[in-house]
Amino acid sequence: MVFAAIIPARYASTRFPAKPLAVLGGKPVIIRVCEQAGKVFDNVFVATDDVRIFDVVKDYGFTPIMTRSDHKSGTDRCYEAYVKCGVKADVVVNIQGDEPFIQPSQLQTIKSLFEIDDTDIATLVKPFAPDTTFEKISNPNSPKVVVDDNWNALYFSRSVIPYLRGVPENEWTSRHIYYKHIGLYAFRAAVLETVTGLPQAPLEKAESLEQLRWLSAGYRIKVGLTDVETIGIDTPDDLAAAELYLKEHNL
């Protein structure tokens with residue numbers, strides 16, 4: 001199969017403007033993401049709406065694609081970039097532009113899920129540790145996932161799911177495996193084209209989670225398991241933590 005990895009990167013951000021260009025360990029964050037993606041995929045593109053990001057990506061030897069500024073989601077931006085990239089791919093992988101520590105093992109897991117013929121869309125989850133506090137798993141900025149016996153996603157939620165009836169909250173993670181969603185998606189190319197044309201679903205509007213639109217439309221989301229904890233860059237504090245991580249691990 002032919003894979004195209006596309007990294008959406010917007011300049012504007014409410015919590016951290018220009019974060020794709022923020023310097024981490026001497027390199028822009030977006031370049032670190034490109035380097036990680038390039039360890040697994042031959043076709044890596046950055047989909048941006050800003051000439052400053054475009055120029056930096058090009059200067060580092062990667063391939064930027066200019067996209068419209070009015071996209072409502074990274075998935076829409078990803079599809080526009082795919083149409084423009086010139087590669088006829090079987091699968092399009094949407095890699096978050098603020099995940100400089102995304103690991104090759106995680107990208108390989110995503111690839112392997114498409115060896116299953118009926119996989120439409122794929123994503124990853126990571127189990128919360130049994131000693132994780134209820135406060136941490138209930139963080140609405142960390143969506144949770146429930147899966148069926150065949151590792152298809154049943155539902156994504158910002159709430160803690162499932163609810164453990166009759167169990168004290170401080171025992172929930174020791175009595176049940178909860179799964180944290182890792183924001184990495186891959187689509188069959190034809191499926192990506194279709195889902196970008198779908199209207200918002202009521203569940204998506206309620207939770208503000210785009211993947212609920214796909215589930216509501218009947219698409220199957222295959223889930224892969226990872227034990228790697230990544231550090232996303234959402235705020236300047238996250239960048240400082242990532243810089244410390246680089247130094248501590250001598251990276």
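## The largest pocket

The largest pocket of this predicted model has a volume of about 1900 Å³. A pocket is an open set of points on a 1 Å grid over the protein atoms alone, where a 1.4 Å probe fits, with protein on both sides within 12 Å along at least five of seven lines. Its volume is the space filled by probe spheres set on the points, which are joined across faces, edges and corners.

The lining, meaning residues with an atom within 4 Å of a point, comprises 50 residues, and R15, K19, Q96, D98 and D234 lie nearest the centre of the largest pocket. Two or more lining residues come from each of β1 (3–9), α3 (74–85), β10 (179–188) and α9 (211–216), and β10 gives the most, with 5 residues. Helices (H or I, at least four residues) and strands (E, at least two) are DSSP runs, numbered from the N terminus.

## The second largest pocket

The second largest pocket has a volume of about 170 Å³. Among its lining residues are R32, E35, Q36 and K39, together with F101, Y245 and L251. At least two lining residues come from each of α1 (29–38) and α10 (236–248); α1 gives the most, with 3 residues.

The lining of the largest pocket has 13 nonpolar, 20 polar and 17 charged residues. For the second largest pocket, the division is 5 nonpolar, 2 polar and 3 charged. Here Ala, Val, Leu, Ile, Met, Phe, Trp, Tyr, Cys and Pro count as nonpolar, Asp, Glu, Lys and Arg as charged, and the others, Gly among them, as polar.

## Basis of the values

Residues are numbered from 1 along each chain as its sequence is written, and side-chain values use heavy atoms, without hydrogens and water. In this predicted model, local features need pLDDT of at least 70 and side-chain atom pairs count only at pLDDT 80 or more, while totals for chains, interfaces and linings use all residues.
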